[in-house]
Amino acid sequence: MPSKSTPKTEADQIHSVSVRNLVEFLLQEGDLSPGSFQKRGRAQAGTKGHKKVQRSRPEDYESEVEVTFQVAEEEPPMQIRGRIDGLYASQNPVIIEEIKTTTLALDLVSENHNPLHWAQAKCYAYIFAKQENLSEICIHLTYYQLDNQAEKTFEQNYTLPELEVFFKELITPYLIWFRKVRERRLQRNHTIQELDFPYGDYRPGQRDMAVAVYKAIRANDRLYAQAPTGVGKTIATLIPAIKAIGMGFAERIFYLTAKTPGRLVAEETLDDMRQTGLQFKSVTLTAKEKICFQPFVNCDPDECVFARNYFGKVKAALEEIDHHDAFTRPLIEQISRDHEVCPFEFSLDLALWVDCIICDYNYAFDPRVYLRRFFDFNKEPNIFLIDEAHNLPDRARSMYSAEFDKKTVLALRHILKGHLPALVKKLSVINNILLEKRKACQAEEQDALVEHELPEDLLKAIGKFVQKAENWLALNLPSEFRQDLLDFYFACNNYLRTAEYFDTFYVSYFERQGGSDLKAKLFCLDPAPMLADPLERSQSTIFFSATLLPLDYFKKLLTGPTEHPARAFRSPFPIENTRLIIHNRISTKYKERADSYAPIASAIETVCNAQAGNYLVFFPSYAYMNAVLELVKERLPEEQLLIQSRGMTETERESFLNQFSTDNSEKMIGFAVMGGIFGEGIDLVGERLIGTIVIGVGLPQMGLERDLIKGYFDEHNGSGFAYAYQYPGFNRVLQATGRVIRTERDRGIIVLIDERFTHTRYRRLFPTHWQGLQIVQSEDEIQDHLERFWTQS
């Protein structure tokens, strides 16, 4: 049973900062990135180098000596902490050693190579001399060359008064910053105590949800919350989490979303609370590729003014935290342009000082990009609020899988030919192994070769390629093929890293991709074991969505066998405001689809002719949609039809939605694909949408990965088809139907077309608010039900 949190007031909390963070915050200058490439495992190599130097020292040498210093005049106290790499306590004067590893040739390392290194060492020297009452102390600053294992040591002697002057000059600006941070928190906590629900009365189910969330946070537990559209999930999770922050149960909130609309709703909800007096700072993180000011991401300071002297300019930019509470993308971009700092790195630096971080799932879960500054080096308690959590299983599968294809290997080999013969040779080895795998597929007359163990020969070849590639990339030579090599290097790195996770919930497969291409993939079948460690980065996690059905399915995929509370909340909207109709005389099964086109087109015409207004029609695929669309065009004017296309831009998406206006005097019918950009996360309130028609039960397209998931769960719980196809498909249906009723005043109709909706295995998945549904077998019955519904007052 999780232990219950003990509340902490601001007075109870000791602010602790490491020597390294203190020095970097105050003294770091220079460019964001030197544009250089560092080899894989550089951090691990540095740690090993440290230990090797320490082991080489004499017996009277002490390693990793912890020191702390409390700033006496601060209330509540502030503590400076750190570890001295090495200590000769028996020497006179006492010697402390600061060890730094480097790949530079040591003749290029001067005494003043990096002022931060001396500053760290002088902080350690001051703290140790102060606590041991030493009048003077000696510092050894040692550089260890990782490639040739040579050492170079610089020596300086300091008196305690000299170190005291240095330390006071160093810490004074930090104390000024710290006092402002403390004052902001005291004011924040006061406004949290005064915070009331910002929307007047709670909706039915909303208060119950907020109480359940608060209890889970108090208990350091995880909660699954299935809450239909309209409950107000965002405020019902944020307000108890904010109250918990004010009580000292946690340091910050991570509001994790899968898509941009979810982030916007979180921003708006926080703003609504600020309108009532809440002082609560938030930052929204945007992917580097999207927020970068350059046409292409290039952090070379010679090319990017926003990377040049970033650390010298960012301190002034951070002062903006005194003037704003909501650091949204537009504001971050404005401040970054004003101060000429990288907007992505600036948002990350801001995140250290705010109360709520709104960001994508990957910043908490993806092993390649998770926020190490919070989760590796910072152990303060966090709350995870996972919005639209039904998206997390598939997103997690993607994060913990890795792939590359034969086509890329051949293309890179061709590009490098005549330039890097050693790498060409390594690529040829990889290609030959993939060629053998493709031949094995052909020999067995299969499209794919599935293996339940790692492809050791391929991993060995990839490892040798990566090593060779690192040696060249580390030279940082400009070339026209550098980016292509770097991209494939990272893909290989991800493949090697994923191989380290390989277990019974993984498979390795090789799939033919048409022509002579072949895909190699390490595929995560069950994300729960991989999510276990990342979820420990929070003291409490709330999974919430309108479509966490069935709950046991999501619990299995997200937290495995561990038991956690789960709640399903009722819809706050009047049942009579929705008319749900199932047409059970049309089959949309793949083999029978051609026969369904005309009946579906006719049903769409009947539904939309019953009442003028705006409608969305959802299909399981583009091919199905386009086939029916041709027949609909014979029945309805084309100017009344809007069609989702593949790869729509943000602007095209907005233009599509803007057509759903309350000013439409006739009909506007949008054709879209389930699970796509219009299947969730859109808010068409009132007359902007009065009806949704869903064609089919939403089954994902049959394919290798879905069949692998099916086989895995057939073996583990006998529910393979449900886990691979039925439940994910029905989730798409639920999302599509949730577009219609968005407020307590909305009225609208939902028409489900597929005879399978009346089968028991689907009926038992229906949410509780799907009451009073009508089963029809003809268009006349549809027309009759709709006439009665629309004529109701």
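Q: How many of the nine residues of helix H20 are buried in this predicted model?
A: The model is a predicted one. Helix H20 spans residues 551–559 and is largely enclosed by the rest of the structure. Its buried residues are Leu 551, Tyr 553, Phe 554, Lys 555, Leu 557, Leu 558 and Thr 559. The count of buried residues in H20 is therefore seven of the nine.

Q: Which residue just after H20 takes a positive phi?
A: The position in question follows directly on helix H20. Its phi is about 65 degrees, and the residue is Gly 560.

Q: Which residue of S16 is the bridge partner of Phe 404?
A: Strand S13 (residues 402–405) is joined to S16 by four bridges, and the two run antiparallel. Phe 510 has its bridge partner in S16 at Ala 520. For Phe 404, the bridge partner in S16 is Ala 520.

Q: Which residue of S15 stands opposite Ala 448?
A: Strand S15 (residues 506–512) is largely enclosed by the rest of the structure, since six of its seven residues are buried. Strand S14 (residues 448–451) runs antiparallel to S15 and is joined to it by four bridges. The residue of S15 opposite Ala 448 is Glu 511.

Q: Which strands stand at the edges of the open sheet of seven strands?
A: The sheet has parallel pairing and the order S21-S22-S20-S23-S24-S19-S25. Each edge strand has a single partner strand, so one side of each is left without a neighbour in the sheet. The twist averages 20 degrees from one strand to the next. The edge strands are S21 (641–643) and S25 (774–776).

Q: What angle does the direction of helix H27 make with that of S19?
A: Strand S19 (residues 578–583) pairs with S25 in the parallel sense over three bridges, and Ile 581 stands opposite Gln 774 in S25. Helix H27 (residues 779–791) packs on the sheet and touches S19, S20 (613–619), S24 (748–753) and S25. The angle between the directions of H27 and S19 is about 180 degrees.

Q: How are helices H1 and H4 oriented, and how far apart are their axes?
A: Two packed helices are described by the angle between their axes and the distance between the axes. H1 (residues 19–27) and H4 (residues 160–194) pack at an angle of about 90 degrees, with axes 10 Å apart. The contact is formed by Leu 22, Val 23, Phe 25, Leu 26 and Leu 27 of H1 with Leu 170, Pro 173, Tyr 174 and Trp 177 of H4. Given the angle and the axis distance of 10 Å, H1 and H4 are therefore roughly perpendicular.

Q: Is Ile 171 buried or exposed?
A: Ile 171 is found in helix H4. Beyond its neighbours within four places in sequence, Ile 171 is in contact with Val 71, Met 78 and Ile 80. Leu 22 is 149 residues from Ile 171 in sequence and 8.1 Å from it in space, C-alpha to C-alpha. With 5% relative accessibility, Ile 171 counts as buried.

Q: What is the hand of the crossing between H10 and H11?
A: H10 (residues 329–339) and H11 (residues 343–351) pack at an angle of about 110 degrees, their axes 9 Å apart. Ile 332, Ile 335 and Ser 336 in H10 meet Pro 343, Phe 346, Ser 347 and Leu 350 in H11. By class, this contact has five nonpolar, two polar and no charged residues. The crossing of H10 past H11 is right-handed.

Note on methods: Residues numbered from 1 in each chain as written. Predicted model: local features only at pLDDT ≥ 70, side-chain atom pairs only at ≥ 80, totals over all residues. Heavy atoms only, no water. Axes fitted to C-alpha atoms, helices over the stretch in contact; angles between N-to-C directions. Parallel < 35°, antiparallel > 145°, perpendicular 65-115°, else oblique. Contact = heavy atoms within 4.5 Å. Pairing = 2+ DSSP bridges. Left-handed = near helix turned anticlockwise from the far one by under 90°. Nonpolar A, V, L, I, M, F, W, Y, C, P; charged D, E, K, R; others polar. Buried < 20%, exposed > 50% of the residue type's maximum accessible area, 1.4 Å probe, protein only.
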